[in-house]
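Please read the following report alongside the sequence and the three-dimensional structure, shown here.

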Amino acid sequence: MTNPRKRGRAEDVAPATQARKVPGADLLSAAQAAVGAAQTAAGQAIDAAQQTAGYAFDAAVRLPPASAQLAAQLPDLVENLSIAVDRLNSTIDRLDRTLALADPVFATYDRLLPRLEAMISLGEDVFGAVAKLPGVGLLGRITGRGGEEPAPEPEPDKRGRRRR
């Protein structure tokens, strides 16, 4: 019931293959489009780089002499800066060691200062108490050691005159 002539003919097979879609065709066309876009982007990047290099060359050619001299001195300036930073680091290290050695002295000062302040306050209290003793002012004037405090000025009365 089948016709043997139609089964093996190439004419019948070819139209069926062409009608079916190949699954990789979409992937292939997308890859080709991506390659084209990448080539376009690379071309634009190369053009931009060439243009930037041209601008940089133009700017370098037009540098003023002072800028060219500064650019020539830049390596020496960087080297001097490096030396200065090294010296600063060694100075900081020495300062740290010195402060570490002086730390006990600072702790002793912290303990002594309140005591010294208390002694000074006590001395001022004693001096004030002795100054109130009768005859100390005369003794001070005789010995030349007593500095008399100046007498307070009388207050002016309401009219601006001083009382006598």
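## Contacts, fold and surface

V136 touches V130 and A131, leaving aside residues up to four places away in sequence, where contact means heavy atoms within 4.5 Å. The model is predicted, so that local features need pLDDT of at least 70 and side-chain atom pairs count only at pLDDT 80 or more, while totals for chains, interfaces and linings use all residues. Residues are numbered from 1 along each chain as its sequence is written, and side-chain values use heavy atoms, with hydrogens and water left out.

The chain has five helices and zero strands, in the order α-α-α-α-α along the sequence; helices (H or I, at least four residues) and strands (E, at least two) are DSSP runs numbered from the N terminus.

Of the 164 residues in the chain, buried residues make up 1%. The chain exposes about 15,500 Å², of which carbon and sulfur atoms supply 62%; accessible areas come from the Shrake-Rupley method with a 1.4 Å probe, and for residues only the protein chains shown count as cover.

Methods:
Buried < 20%, exposed > 50% of the residue type's maximum accessible area, 1.4 Å probe, protein only.
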